[in-house]
Amino acid sequence: MVKRLEQVKLVVTGMGAVTPIGIGVRDYWNSLLNGICGIGQITRFDASALPVQIAAELKDFDPCAYIPKALARTLDPFMQYAFVAAQQALSDSDLLAACAPDRVGIVMGTAMDGITTIAQTQAALDAGHRVGPRFVPTVIGNIAAAQIAIAHGITGPSLTLNTACSAGGDAVMTAAMLLQSGEANAVLAVGGESILCPLVVSGLAQAKALSRRNDQPEQACRPFDAARDGFVIGEGGGALLLETEAHARARGAKIYAVLAGYANTSDAYHVTAPHPEGAGAAACMRRALARAHMQPHDIGYINAHGTSTPLGDKAETLAVKAVFGARDCAPPISSTKSMTGHLMGAGGLTEAIACILAIREGILPPTLHLDTPDPDCDLDYIPHTARRASITSAMSNSLGFGGQNSSLIFTKYA
(Lines give C-alpha, C1' and ligand atoms only; values in the text may rest on other atoms or scores of the structure.)
Protein backbone atom coordinates (compact mmCIF):
# COMPACT_ATOMS: atom_id res chain seq x y z
CA MET A 1 0.00 0.00 0.00
CA VAL A 2 1.20 3.54 -0.83
CA LYS A 3 2.33 5.40 2.28
CA ARG A 4 0.25 8.52 2.82
CA LEU A 5 3.12 10.93 3.28
CA GLU A 6 2.57 14.65 3.08
CA GLN A 7 3.46 15.70 -0.45
CA VAL A 8 3.96 18.90 -2.36
CA LYS A 9 0.99 19.82 -4.56
CA LEU A 10 1.83 19.43 -8.24
CA VAL A 11 0.06 21.31 -11.01
CA VAL A 12 -0.11 21.32 -14.80
CA THR A 13 0.82 24.66 -16.40
CA GLY A 14 1.41 23.78 -20.05
CA MET A 15 0.15 21.30 -22.64
CA GLY A 16 1.07 20.23 -26.17
CA ALA A 17 -0.40 17.71 -28.59
CA VAL A 18 0.55 16.41 -32.03
CA THR A 19 -2.00 13.81 -33.10
CA PRO A 20 -3.60 12.26 -36.20
CA ILE A 21 -6.75 14.29 -35.51
CA GLY A 22 -5.18 17.64 -34.75
CA ILE A 23 -1.91 19.46 -34.20
CA GLY A 24 -2.17 21.64 -31.12
CA VAL A 25 -4.26 21.04 -28.03
CA ARG A 26 -7.34 22.93 -29.19
CA ASP A 27 -7.55 21.20 -32.59
CA TYR A 28 -7.00 17.81 -30.96
CA TRP A 29 -9.68 18.43 -28.32
CA ASN A 30 -12.24 19.74 -30.80
CA SER A 31 -11.74 16.65 -32.97
CA LEU A 32 -12.27 14.38 -29.96
CA LEU A 33 -15.52 16.10 -29.06
CA ASN A 34 -16.74 15.98 -32.65
CA GLY A 35 -15.93 12.30 -33.10
CA ILE A 36 -13.34 12.81 -35.83
CA CYS A 37 -11.50 9.61 -36.67
CA GLY A 38 -7.92 9.82 -37.94
CA ILE A 39 -7.62 6.23 -39.18
CA GLY A 40 -7.22 5.50 -42.90
CA GLN A 41 -5.16 3.63 -45.47
CA ILE A 42 -1.40 3.73 -44.93
CA THR A 43 0.21 6.24 -47.28
CA ARG A 44 3.74 6.38 -45.77
CA PHE A 45 4.80 3.31 -47.74
CA ASP A 46 3.27 0.66 -50.01
CA ALA A 47 1.35 -1.61 -47.63
CA SER A 48 -0.61 -3.47 -50.31
CA ALA A 49 1.25 -6.74 -49.70
CA LEU A 50 0.82 -6.61 -45.92
CA PRO A 51 -2.05 -8.20 -44.00
CA VAL A 52 -2.66 -4.84 -42.27
CA GLN A 53 -2.89 -1.76 -44.47
CA ILE A 54 -4.41 0.83 -42.12
CA ALA A 55 -3.12 3.23 -39.48
CA ALA A 56 -3.71 6.64 -37.91
CA GLU A 57 -1.00 8.65 -39.67
CA LEU A 58 -0.02 12.27 -39.19
CA LYS A 59 -0.79 13.13 -42.80
CA ASP A 60 -0.67 16.93 -42.65
CA PHE A 61 2.44 17.30 -40.51
CA ASP A 62 5.31 19.25 -42.08
CA PRO A 63 8.18 19.24 -39.57
CA CYS A 64 9.80 22.23 -41.24
CA ALA A 65 6.77 24.34 -40.35
CA TYR A 66 7.75 23.92 -36.69
CA ILE A 67 11.43 22.92 -36.61
CA PRO A 68 14.43 24.41 -38.46
CA LYS A 69 14.99 22.40 -41.62
CA ALA A 70 18.55 21.39 -40.75
CA LEU A 71 17.43 20.09 -37.37
CA ALA A 72 14.33 18.34 -38.70
CA ARG A 73 16.52 16.25 -41.02
CA THR A 74 18.36 14.81 -38.01
CA LEU A 75 15.24 13.78 -36.10
CA ASP A 76 13.36 10.51 -36.42
CA PRO A 77 9.60 11.16 -36.70
CA PHE A 78 9.04 10.18 -33.05
CA MET A 79 11.51 12.90 -32.06
CA GLN A 80 9.85 15.45 -34.34
CA TYR A 81 6.46 14.86 -32.77
CA ALA A 82 7.84 15.01 -29.24
CA PHE A 83 9.86 18.13 -30.05
CA VAL A 84 6.83 20.01 -31.39
CA ALA A 85 4.57 18.94 -28.52
CA ALA A 86 7.26 20.07 -26.06
CA GLN A 87 7.53 23.44 -27.84
CA GLN A 88 3.79 23.90 -27.51
CA ALA A 89 3.78 23.08 -23.80
CA LEU A 90 6.71 25.35 -23.04
CA SER A 91 5.17 28.21 -25.00
CA ASP A 92 1.81 27.63 -23.35
CA SER A 93 3.37 27.73 -19.87
CA ASP A 94 5.70 30.70 -20.46
CA LEU A 95 8.00 28.92 -18.01
CA LEU A 96 11.48 29.55 -19.35
CA ALA A 97 11.26 33.31 -18.87
CA ALA A 98 10.78 32.80 -15.13
CA CYS A 99 12.78 29.70 -14.15
CA ALA A 100 16.50 28.96 -13.94
CA PRO A 101 17.35 26.38 -16.64
CA ASP A 102 19.01 24.04 -14.14
CA ARG A 103 15.73 23.83 -12.19
CA VAL A 104 13.81 22.51 -15.20
CA GLY A 105 13.83 18.81 -16.06
CA ILE A 106 12.66 16.63 -18.96
CA VAL A 107 11.27 13.10 -18.85
CA MET A 108 10.67 11.45 -22.21
CA GLY A 109 8.52 8.37 -22.81
CA THR A 110 8.61 6.21 -25.93
CA ALA A 111 7.99 2.54 -26.68
CA MET A 112 10.15 1.82 -29.72
CA ASP A 113 12.47 4.81 -30.21
CA GLY A 114 13.53 5.33 -33.83
CA ILE A 115 12.40 1.99 -35.22
CA THR A 116 11.23 3.48 -38.52
CA THR A 117 14.63 4.98 -39.25
CA ILE A 118 16.34 1.75 -38.17
CA ALA A 119 14.22 -0.27 -40.59
CA GLN A 120 14.75 2.18 -43.45
CA THR A 121 18.49 2.33 -42.86
CA GLN A 122 18.83 -1.46 -42.77
CA ALA A 123 16.93 -1.70 -46.06
CA ALA A 124 19.24 0.91 -47.60
CA LEU A 125 22.32 -0.90 -46.30
CA ASP A 126 21.06 -4.18 -47.76
CA ALA A 127 20.68 -2.38 -51.09
CA GLY A 128 24.33 -1.29 -51.03
CA HIS A 129 24.01 2.22 -49.64
CA ARG A 130 26.23 3.63 -46.90
CA VAL A 131 25.01 4.39 -43.39
CA GLY A 132 25.29 8.07 -42.52
CA PRO A 133 27.18 9.41 -39.49
CA ARG A 134 23.99 10.69 -37.87
CA PHE A 135 22.27 7.30 -37.79
CA VAL A 136 22.79 6.50 -34.10
CA PRO A 137 21.74 9.89 -32.65
CA THR A 138 18.71 9.83 -34.95
CA VAL A 139 17.32 6.64 -33.46
CA ILE A 140 18.25 6.32 -29.78
CA GLY A 141 15.47 7.28 -27.41
CA ASN A 142 17.20 9.80 -25.15
CA ILE A 143 18.14 12.10 -28.02
CA ALA A 144 14.54 13.33 -28.22
CA ALA A 145 14.90 14.85 -24.73
CA ALA A 146 18.44 15.99 -25.55
CA GLN A 147 17.27 17.91 -28.63
CA ILE A 148 14.52 19.59 -26.61
CA ALA A 149 17.05 20.52 -23.93
CA ILE A 150 19.53 21.90 -26.49
CA ALA A 151 16.88 23.96 -28.26
CA HIS A 152 15.60 25.55 -25.05
CA GLY A 153 18.71 25.61 -22.88
CA ILE A 154 17.24 23.25 -20.27
CA THR A 155 20.03 21.88 -18.06
CA GLY A 156 18.16 20.09 -15.25
CA PRO A 157 17.50 16.32 -14.93
CA SER A 158 16.86 14.42 -18.17
CA LEU A 159 15.47 10.87 -18.23
CA THR A 160 14.02 8.62 -20.93
CA LEU A 161 11.65 5.71 -20.27
CA ASN A 162 10.92 2.72 -22.50
CA THR A 163 8.00 1.14 -20.66
CA ALA A 164 6.06 0.20 -23.78
CA CYS A 165 2.56 1.66 -24.04
CA SER A 166 2.60 2.98 -20.48
CA ALA A 167 5.68 5.13 -21.17
CA GLY A 168 3.75 8.40 -21.47
CA GLY A 169 1.95 7.91 -18.18
CA ASP A 170 5.19 6.76 -16.55
CA ALA A 171 6.90 9.93 -17.81
CA VAL A 172 4.35 11.97 -15.88
CA MET A 173 4.88 9.85 -12.75
CA THR A 174 8.67 10.17 -13.02
CA ALA A 175 8.36 13.92 -13.50
CA ALA A 176 6.24 14.03 -10.34
CA MET A 177 8.87 12.08 -8.40
CA LEU A 178 11.59 14.53 -9.51
CA LEU A 179 9.45 17.41 -8.30
CA GLN A 180 8.59 15.72 -5.00
CA SER A 181 12.27 15.01 -4.34
CA GLY A 182 13.27 18.61 -4.95
CA GLU A 183 15.40 17.85 -8.01
CA ALA A 184 13.53 20.47 -10.04
CA ASN A 185 10.88 23.17 -9.80
CA ALA A 186 9.33 22.26 -13.15
CA VAL A 187 9.54 19.16 -15.33
CA LEU A 188 8.43 18.65 -18.91
CA ALA A 189 6.86 15.21 -19.38
CA VAL A 190 6.95 14.29 -23.08
CA GLY A 191 5.92 11.31 -25.18
CA GLY A 192 6.58 10.57 -28.83
CA GLU A 193 6.00 7.62 -31.14
CA SER A 194 6.14 6.63 -34.78
CA ILE A 195 6.39 2.92 -35.56
CA LEU A 196 4.88 2.95 -39.05
CA CYS A 197 7.13 0.75 -41.15
CA PRO A 198 6.63 -2.65 -42.83
CA LEU A 199 8.81 -4.38 -40.23
CA VAL A 200 6.67 -3.39 -37.24
CA VAL A 201 3.33 -3.65 -39.01
CA SER A 202 4.23 -7.18 -40.14
CA GLY A 203 5.41 -8.21 -36.69
CA LEU A 204 2.32 -6.93 -34.87
CA ALA A 205 0.07 -8.39 -37.55
CA GLN A 206 1.65 -11.82 -37.15
CA ALA A 207 1.16 -11.51 -33.39
CA LYS A 208 -2.56 -10.98 -34.14
CA ALA A 209 -2.48 -7.68 -32.27
CA LEU A 210 -3.75 -5.44 -35.09
CA SER A 211 -7.15 -4.95 -36.64
CA ARG A 212 -7.38 -6.29 -40.18
CA ARG A 213 -10.44 -4.25 -41.11
CA ASN A 214 -8.64 -2.89 -44.18
CA ASP A 215 -11.86 -2.24 -46.09
CA GLN A 216 -13.33 -0.07 -43.29
CA PRO A 217 -10.37 1.74 -41.71
CA GLU A 218 -12.41 4.42 -39.94
CA GLN A 219 -14.36 1.71 -38.12
CA ALA A 220 -11.38 -0.51 -37.34
CA CYS A 221 -10.69 0.70 -33.81
CA ARG A 222 -13.83 -0.17 -31.82
CA PRO A 223 -12.94 -0.49 -28.12
CA PHE A 224 -15.27 -2.65 -26.01
CA ASP A 225 -17.36 -3.61 -29.06
CA ALA A 226 -18.18 -7.27 -29.63
CA ALA A 227 -16.72 -7.08 -33.16
CA ARG A 228 -13.34 -5.63 -32.19
CA ASP A 229 -10.38 -7.46 -33.71
CA GLY A 230 -7.25 -5.62 -32.62
CA PHE A 231 -5.71 -2.20 -32.23
CA VAL A 232 -4.74 0.32 -34.89
CA ILE A 233 -1.26 1.85 -34.94
CA GLY A 234 -1.20 5.61 -34.45
CA GLU A 235 1.61 8.14 -34.19
CA GLY A 236 2.12 11.47 -32.49
CA GLY A 237 3.46 13.38 -29.54
CA GLY A 238 2.20 14.86 -26.29
CA ALA A 239 3.59 17.01 -23.50
CA LEU A 240 2.62 18.29 -20.06
CA LEU A 241 4.55 20.89 -18.08
CA LEU A 242 4.38 20.07 -14.37
CA GLU A 243 5.39 22.40 -11.55
CA THR A 244 5.11 22.60 -7.82
CA GLU A 245 2.13 24.75 -6.92
CA ALA A 246 4.36 27.15 -4.98
CA HIS A 247 6.61 27.70 -8.01
CA ALA A 248 3.68 28.13 -10.40
CA ARG A 249 1.90 30.61 -8.13
CA ALA A 250 5.07 32.59 -7.48
CA ARG A 251 5.49 33.27 -11.18
CA GLY A 252 1.80 33.87 -11.81
CA ALA A 253 1.34 30.87 -14.09
CA LYS A 254 -2.05 29.76 -15.34
CA ILE A 255 -2.87 26.39 -13.79
CA TYR A 256 -4.89 23.81 -15.71
CA ALA A 257 -5.24 21.04 -13.12
CA VAL A 258 -3.66 19.25 -10.19
CA LEU A 259 -1.77 15.99 -10.63
CA ALA A 260 -3.26 14.37 -7.55
CA GLY A 261 -2.26 10.73 -7.95
CA TYR A 262 -0.03 8.46 -9.97
CA ALA A 263 1.15 4.86 -9.85
CA ASN A 264 2.96 2.13 -11.77
CA THR A 265 2.65 -1.64 -11.31
CA SER A 266 3.61 -4.82 -13.13
CA ASP A 267 1.34 -7.75 -13.92
CA ALA A 268 4.23 -10.24 -13.63
CA TYR A 269 2.13 -12.47 -15.87
CA HIS A 270 3.02 -12.47 -19.62
CA VAL A 271 5.11 -10.46 -22.07
CA THR A 272 2.19 -9.54 -24.35
CA ALA A 273 -1.11 -10.67 -22.80
CA PRO A 274 -2.64 -8.77 -19.88
CA HIS A 275 -3.50 -10.55 -16.67
CA PRO A 276 -6.89 -12.08 -17.55
CA GLU A 277 -8.57 -10.57 -14.49
CA GLY A 278 -6.78 -7.23 -14.80
CA ALA A 279 -5.14 -7.72 -11.41
CA GLY A 280 -2.11 -5.53 -12.11
CA ALA A 281 -4.19 -2.73 -13.60
CA ALA A 282 -6.56 -2.82 -10.64
CA ALA A 283 -3.64 -2.62 -8.20
CA CYS A 284 -2.28 0.35 -10.13
CA MET A 285 -5.56 2.26 -9.94
CA ARG A 286 -5.81 1.56 -6.21
CA ARG A 287 -2.27 2.87 -5.63
CA ALA A 288 -3.02 6.04 -7.58
CA LEU A 289 -6.19 6.59 -5.53
CA ALA A 290 -4.28 6.03 -2.29
CA ARG A 291 -1.59 8.52 -3.28
CA ALA A 292 -4.31 11.06 -4.12
CA HIS A 293 -6.08 10.38 -0.78
CA MET A 294 -9.21 9.66 -2.78
CA GLN A 295 -11.91 7.00 -2.84
CA PRO A 296 -13.20 5.32 -6.02
CA HIS A 297 -16.46 7.30 -5.89
CA ASP A 298 -14.42 10.53 -6.11
CA ILE A 299 -13.43 9.83 -9.74
CA GLY A 300 -15.75 11.43 -12.28
CA TYR A 301 -14.35 10.00 -15.53
CA ILE A 302 -11.83 7.43 -16.73
CA ASN A 303 -9.94 7.67 -20.00
CA ALA A 304 -9.36 3.96 -20.58
CA HIS A 305 -6.39 2.32 -22.22
CA GLY A 306 -9.07 0.72 -24.42
CA THR A 307 -7.04 -0.45 -27.40
CA SER A 308 -9.77 -2.56 -29.08
CA THR A 309 -8.06 -5.90 -28.51
CA PRO A 310 -10.28 -8.81 -27.40
CA LEU A 311 -8.18 -9.69 -24.35
CA GLY A 312 -7.13 -6.19 -23.34
CA ASP A 313 -10.56 -4.54 -23.25
CA LYS A 314 -12.04 -7.41 -21.26
CA ALA A 315 -9.19 -7.40 -18.73
CA GLU A 316 -9.40 -3.63 -18.31
CA THR A 317 -13.16 -3.85 -17.75
CA LEU A 318 -12.59 -6.43 -15.01
CA ALA A 319 -9.90 -4.22 -13.47
CA VAL A 320 -12.19 -1.19 -13.37
CA LYS A 321 -15.01 -3.25 -11.87
CA ALA A 322 -12.67 -4.63 -9.21
CA VAL A 323 -11.85 -1.10 -8.09
CA PHE A 324 -15.01 0.89 -8.81
CA GLY A 325 -17.78 -1.69 -8.89
CA ALA A 326 -20.40 -2.51 -11.52
CA ARG A 327 -21.97 -0.13 -14.03
CA ASP A 328 -24.18 1.62 -11.48
CA CYS A 329 -21.13 2.50 -9.35
CA ALA A 330 -18.28 3.00 -11.83
CA PRO A 331 -17.75 6.40 -13.48
CA PRO A 332 -18.26 7.03 -17.20
CA ILE A 333 -15.38 5.76 -19.31
CA SER A 334 -14.22 6.31 -22.86
CA SER A 335 -11.40 5.27 -25.15
CA THR A 336 -10.14 8.12 -27.31
CA LYS A 337 -7.99 5.59 -29.20
CA SER A 338 -11.16 4.96 -31.22
CA MET A 339 -10.26 8.25 -32.91
CA THR A 340 -6.47 8.60 -32.65
CA GLY A 341 -5.40 4.98 -32.90
CA HIS A 342 -2.81 3.72 -30.43
CA LEU A 343 -0.14 6.40 -29.93
CA MET A 344 2.02 4.10 -27.79
CA GLY A 345 4.41 6.23 -25.72
CA ALA A 346 2.63 9.43 -26.68
CA GLY A 347 -0.82 8.13 -25.73
CA GLY A 348 -0.39 8.55 -21.99
CA LEU A 349 0.24 12.28 -22.50
CA THR A 350 -2.46 13.01 -25.07
CA GLU A 351 -5.02 11.01 -23.08
CA ALA A 352 -4.03 12.87 -19.90
CA ILE A 353 -4.74 16.10 -21.77
CA ALA A 354 -8.20 14.76 -22.61
CA CYS A 355 -8.79 14.17 -18.89
CA ILE A 356 -7.65 17.67 -17.95
CA LEU A 357 -9.89 19.31 -20.55
CA ALA A 358 -12.84 17.12 -19.57
CA ILE A 359 -12.50 18.53 -16.05
CA ARG A 360 -12.09 22.11 -17.21
CA GLU A 361 -14.82 22.16 -19.85
CA GLY A 362 -17.39 19.77 -18.42
CA ILE A 363 -17.62 17.45 -21.41
CA LEU A 364 -16.47 13.85 -21.82
CA PRO A 365 -15.14 12.58 -25.16
CA PRO A 366 -16.86 9.53 -26.67
CA THR A 367 -15.89 6.01 -27.67
CA LEU A 368 -16.57 5.66 -31.39
CA HIS A 369 -17.89 2.53 -33.14
CA LEU A 370 -19.32 0.96 -30.00
CA ASP A 371 -22.23 -0.46 -31.95
CA THR A 372 -22.66 -3.85 -30.28
CA PRO A 373 -21.29 -3.80 -26.73
CA ASP A 374 -19.45 -6.93 -25.68
CA PRO A 375 -21.38 -8.53 -22.80
CA ASP A 376 -18.04 -8.91 -21.03
CA CYS A 377 -17.50 -5.14 -21.32
CA ASP A 378 -20.60 -3.93 -19.52
CA LEU A 379 -19.65 -0.49 -18.17
CA ASP A 380 -20.70 2.98 -19.33
CA TYR A 381 -18.29 3.60 -22.20
CA ILE A 382 -19.89 6.84 -23.56
CA PRO A 383 -20.75 5.44 -26.99
CA HIS A 384 -20.71 7.51 -30.19
CA THR A 385 -21.11 11.09 -28.94
CA ALA A 386 -19.54 13.35 -26.32
CA ARG A 387 -21.44 13.85 -23.08
CA ARG A 388 -21.89 16.91 -20.89
CA ALA A 389 -20.86 16.21 -17.29
CA SER A 390 -19.63 18.39 -14.46
CA ILE A 391 -16.65 16.56 -12.96
CA THR A 392 -13.80 17.53 -10.65
CA SER A 393 -11.48 14.57 -11.20
CA ALA A 394 -10.45 12.12 -13.91
CA MET A 395 -8.19 9.08 -14.24
CA SER A 396 -6.05 8.11 -17.23
CA ASN A 397 -4.91 4.49 -17.62
CA SER A 398 -2.08 3.26 -19.84
CA LEU A 399 -1.26 -0.44 -20.02
CA GLY A 400 1.61 -1.97 -21.98
CA PHE A 401 3.41 -5.10 -23.13
CA GLY A 402 5.33 -6.77 -20.34
CA GLY A 403 2.46 -6.13 -17.95
CA GLN A 404 3.26 -2.42 -17.54
CA ASN A 405 0.47 -0.45 -15.85
CA SER A 406 0.23 3.30 -15.33
CA SER A 407 -2.56 5.32 -13.73
CA LEU A 408 -2.75 9.09 -13.38
CA ILE A 409 -5.36 11.14 -11.50
CA PHE A 410 -6.02 14.80 -12.24
CA THR A 411 -8.30 17.06 -10.22
CA LYS A 412 -9.74 20.52 -10.63
CA TYR A 413 -7.54 23.33 -9.37
CA ALA A 414 -9.24 25.57 -6.86
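Buried means under 20% relative accessible area, exposed over 50% and partly exposed in between, with a 1.4 Å probe and protein chains only. The model is predicted: local features need pLDDT of at least 70, side-chain atom pairs count only at pLDDT 80 or more, and totals for chains, interfaces and linings use all residues. Residues are numbered from 1 along each chain as its sequence is written, and side-chain values use heavy atoms, with hydrogens and water left out.

**Figure 1. Overview of the protein chain.** The chain contains 13 helices and 15 strands; helices (H or I, at least four residues) and strands (E, at least two) are DSSP runs, numbered from the N terminus. Its radius of gyration is 20 Å, close to the 22 Å from the globule rule for 414 residues, so the chain is as compact as a globular protein of that length. The radius is taken over C-alpha atoms, and the rule is 2.2 Å times the number of residues to the power 0.38. The C-alpha trace spans about 60 × 55 × 40 Å along its principal axes. Of the 414 residues, 62% are buried. The accessible surface comes to about 15,600 Å², and carbon and sulfur atoms hold 53% of that surface; areas come from the Shrake-Rupley method with a 1.4 Å probe, and for residues only the protein chains shown count as cover. Among contacts (heavy atoms within 4.5 Å) with a separation of 6 or more, 80% are between residues 24 or more positions apart.

Figure 2. Rings of Phe, Tyr and Trp (its six-membered ring) pair if their centres lie within 6.5 Å; planes under 30 degrees apart count as stacked, over 60 as edge-to-face and the rest as tilted. By this rule the count comes to 3 aromatic pairs. In the stacked pair of Phe61 and Tyr66, the ring centres are 5.5 Å apart and the planes lie at 10°. Phe224 and Tyr381 are also stacked, at 3.7 Å centre to centre with 10° between the planes. This pair links distant parts of the chain, 157 residues apart: Phe224 lies in the loop between helix H8 (198-206) and strand S8 (236-244), and Tyr381 in the loop between strand S12 (363-364) and strand S13 (387-388). Both Phe224 and Tyr381 are buried.

**Figure 3. Close-up of the cluster around Phe61.** Phe61, Tyr66 and Tyr81 form one aromatic cluster. Phe61 is buried, with a relative accessibility of 11%, whereas Tyr66 is partly exposed at 33%.

**Figure 4. Close-up of Glu57.** Glu57 sits in the loop between strand S4 (54-55) and helix H2 (69-72). With 2% relative accessibility, Glu57 is buried. Leaving out residues up to four places away in sequence, Glu57 touches Pro20, Gly38, Gln41, Ile42, Thr43, Arg44, Leu196 and Glu235. The side chains of Glu57 and Thr43 are joined by a polar contact of 2.7 Å. A polar contact is a pair of N or O atoms within 3.5 Å; within protein, one must be able to donate a hydrogen and the other to accept it, and residues adjacent in sequence count only if both atoms are side-chain atoms. The Glu57 side chain also reaches the backbone nitrogen of Arg44, at 2.9 Å.

Figure 5. Because 12 of the 14 residues are buried, H7 is largely enclosed by the rest of the structure. Among the buried residues are Val172, Met173, Leu178 and Leu179. Gly182, which follows H7, has a positive phi near 85°.
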